[in-house]
Amino acid sequence: MTSRAATKRIRAAACAALLLLAAHVSGGGRGTLVAGAGCLALAILSRYIGLAFVPVAVAAPLLRRDERWRSRLANAIGAGVVAVGPAAAWLVRNALATGSVANRTTAYHPLGLGHLTQLRTSSAAFWGHAGEVGGLVTL
């Protein structure tokens, strides 16, 4: 799968998810909520950035005023499970099969003096002069 193809897929899935979730908020049935969460699951499986939409899927049922609070809460939890479940299952599968969840290492890169020097160089190039950015003196 190319990056461009994945980007197109996540855009389509995220747009469909948002439309279906909006339809649910404006009076649609539980089917629109499940379909929206399912589209979001496809977006998450395409790219992890799809996880940014999970709060929307969980909040959508909570915005409905025509249902009891318990029903809204159950729908919110269900939407979260439907949206994240397939990706979570895939990550567990990866961990069991390969010993790594996403074939990536986790690292912490603290800021250092080199980063500040790069910031100075970048800001000088952006603003067109060195040593001063918006009246503030830089390193």
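Me: Is the crossing of helix 1 and helix 3 left-handed or right-handed?
Reply: Helix 1 and helix 3 cross in a left-handed way. Keep in mind that this is a predicted model.

Me: Thanks! At what angle do the axes of helix 1 and helix 3 cross?
Reply: Roughly 15°, and the axes come within 8 Å. Helix 1 covers residues 3-25. Angles under 35 degrees count as roughly parallel, so helix 1 and helix 3 are roughly parallel to each other.

Me: Which residues make that contact between helix 1 and helix 3?
Reply: Helix 1 brings Leu18, Leu21, His24 and Val25, while helix 3 brings Val56, Ala57, Ala60 and Pro61. By class, that contact of helix 1 with helix 3 has seven nonpolar residues, one polar and no charged.

Me: Switching over: how do the axes of helix 3 and helix 4 cross?
Reply: Helix 3 (residues 54-62) and helix 4 (residues 69-98) have axes that come within 7 Å and cross at roughly 160°. Angles over 145 degrees count as roughly antiparallel, so helix 3 is roughly antiparallel to helix 4.

Me: And is the crossing of helix 3 and helix 4 right-handed or left-handed?
Reply: The crossing of helix 3 and helix 4 is right-handed.

Me: Which residues of helix 3 and helix 4 make the contact?
Reply: From helix 3 there are Val54, Ala57, Val58, Pro61 and Leu62.

Me: How many of the residues in the contact of helix 3 with helix 4 are nonpolar, polar or charged?
Reply: The contact of helix 3 with helix 4 divides into 10 nonpolar, two polar and one charged.

Terms used. Residues are numbered from 1 along each chain as its sequence is written. This is a predicted model: local features need pLDDT of at least 70, side-chain atom pairs count only at pLDDT 80 or more; totals for chains, interfaces and linings use all residues. Side-chain values use heavy atoms; hydrogens and water are left out. Axes are lines fitted to C-alpha atoms, for helices over the stretch in contact, and angles run from 0 to 180 degrees between N-to-C directions. Helices (H or I, at least four residues) and strands (E, at least two) are DSSP runs, numbered from the N terminus. Angles under 35 degrees count as roughly parallel, over 145 as roughly antiparallel, 65 to 115 as roughly perpendicular and the rest as oblique. A crossing is left-handed if the near helix is turned anticlockwise from the far one by less than a right angle, and right-handed if clockwise. Contact means heavy atoms within 4.5 Å. Ala, Val, Leu, Ile, Met, Phe, Trp, Tyr, Cys and Pro count as nonpolar, Asp, Glu, Lys and Arg as charged, and the others, Gly among them, as polar.
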